[in-house]
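Student: Please take a close look at one part of this model, the nonpolar core and the helices around it. I would like one connected account.

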Amino acid sequence: MKFFANLHNNPQAWLLLAFSALVFEGCALYFQYILNLEPCIMCIYQRVAVFGVLFAGIIGFIGSDNIVTRTLAFLTWGVSAIWGLIIALEHVEMQTSTMSFLFSCEVVPNFPSWAPLHEWLPSIFAATGDCGKISWEFLGYSMPQWMVVVFAAYSLIWLVVTASCLKVNKKL
C-alpha cells in the first residue's frame with residue numbers, strides 16, 4: 001500500500017502516465033492516417049479523455065512536489081479516466097445493442113464555444129466516421145471495447161493510488 005501511496009511524489013511515475021497516454025494518442029493517429037480508419041464522434045471524445053490523462057501526467061511530472069499541482073493532476077487524471085470509460089462503454093453499447101437504431105451519432109463535436117478543438121486542430125479532433133460501424137477488431141474485440149480496457153485500467157490505477165494516499169496520510 002505504501003508503494004502506491006508514494007507514487008504521487010515520484011516524477012517518473014507521472015511521466016510514465018503521460019507517456020502511456022502519448023502512446024495511445026500515437027496509436028489513434030496511426031489508425032486514422034496509416035490504416036485509414038475514420039474516427040467517429042465517440043472516438044474523438046475518447047481521444048480528448050486520453051489527452052486529459054496525458055496532461056495530468058505532465059502536470060504531475062512538473063509539480064510532483066507541490067500539493068496543489070499534484071491535486072490538480074489527480075483530479076484531471078480521475079475525471080479524464082472515468083469520463084473516457086463512460087464514453088467508451090456508451091460507444092460499445094452503440095455498436096453491440098440490438099436496438100442500435102435508437103442511437104445516433106452527432107456529426108460535429110460538442111466542444112465548448114471557448115475551445116472548439118475540432119476547428120483549431122481538425123486533423124486530430126474532426127469526426128468523420130460512423131459510431132455504429134465496427135471497422136477494426138483485435139482478438140475479437142472492437143476499438144471501443146479495447147478502450148474500455150484502457151480507461152478501466154487508468155481508472156483502477158487512479159483509484160488505487162488515490163485510496164493509498166488517503167489511507168497512508170490518515171495513519172500519519
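Tutor: Helices (H or I, at least four residues) and strands (E, at least two) are DSSP runs, numbered from the N terminus. This is a predicted model, in which local features need pLDDT of at least 70 and side-chain atom pairs count only at pLDDT 80 or more, while totals for chains, interfaces and linings use all residues. Residues are numbered from 1 along each chain as its sequence is written, and side-chain values use heavy atoms, with hydrogens and water left out.

A nonpolar core here is a set of buried Ala, Val, Leu, Ile, Met, Phe, Trp, Tyr and Cys residues joined through side-chain atoms within 4.5 Å. Buried means under 20% relative accessible area, exposed over 50%, and partly exposed in between (1.4 Å probe, protein chains only). The largest such core has 38 residues, and M42, F74, W77, F125, F151 and Y154 touch the most other members. Two or more residues each come from α2 (11-33), α3 (41-62), α4 (67-96), α6 (122-125) and α7 (143-171). The largest share, eleven residues, is given by α3.

Y154 shows how the parts meet. Leaving aside residues up to four places away in sequence, Y154 touches L17, S20, A21, F24, V53, W77 and A81; contact means heavy atoms within 4.5 Å.

The axes of α3 and α4 are 8 Å apart, and the two helices pack at an angle of about 160°. Axes are lines fitted to C-alpha atoms, for helices over the stretch in contact, and angles run from 0 to 180 degrees between N-to-C directions. α3 and α4 are therefore roughly antiparallel (angles under 35 degrees count as roughly parallel, over 145 as roughly antiparallel, 65 to 115 as roughly perpendicular and the rest as oblique). Their crossing is left-handed, that is, the near helix is turned anticlockwise from the far one by less than a right angle; clockwise would be right-handed.

An unreviewed UniProt entry lists residues 44-64, 71-89 and 146-166 under "transmembrane region". UniProt positions are in the numbering used here, feature names are shortened, and annotations may be inferred rather than shown by experiment. In the model, residues 44-64 are 90% helix and 0% strand, with end C-alpha atoms 29 Å apart. Residues 146-166 are 100% helix and 0% strand, and their end C-alpha atoms lie 30 Å apart.

Between α2 and α3 runs a loop that holds N36. The phi of N36 is positive, near 55°, and N36 is not a glycine. N36 counts as exposed because its relative accessibility is 59%.
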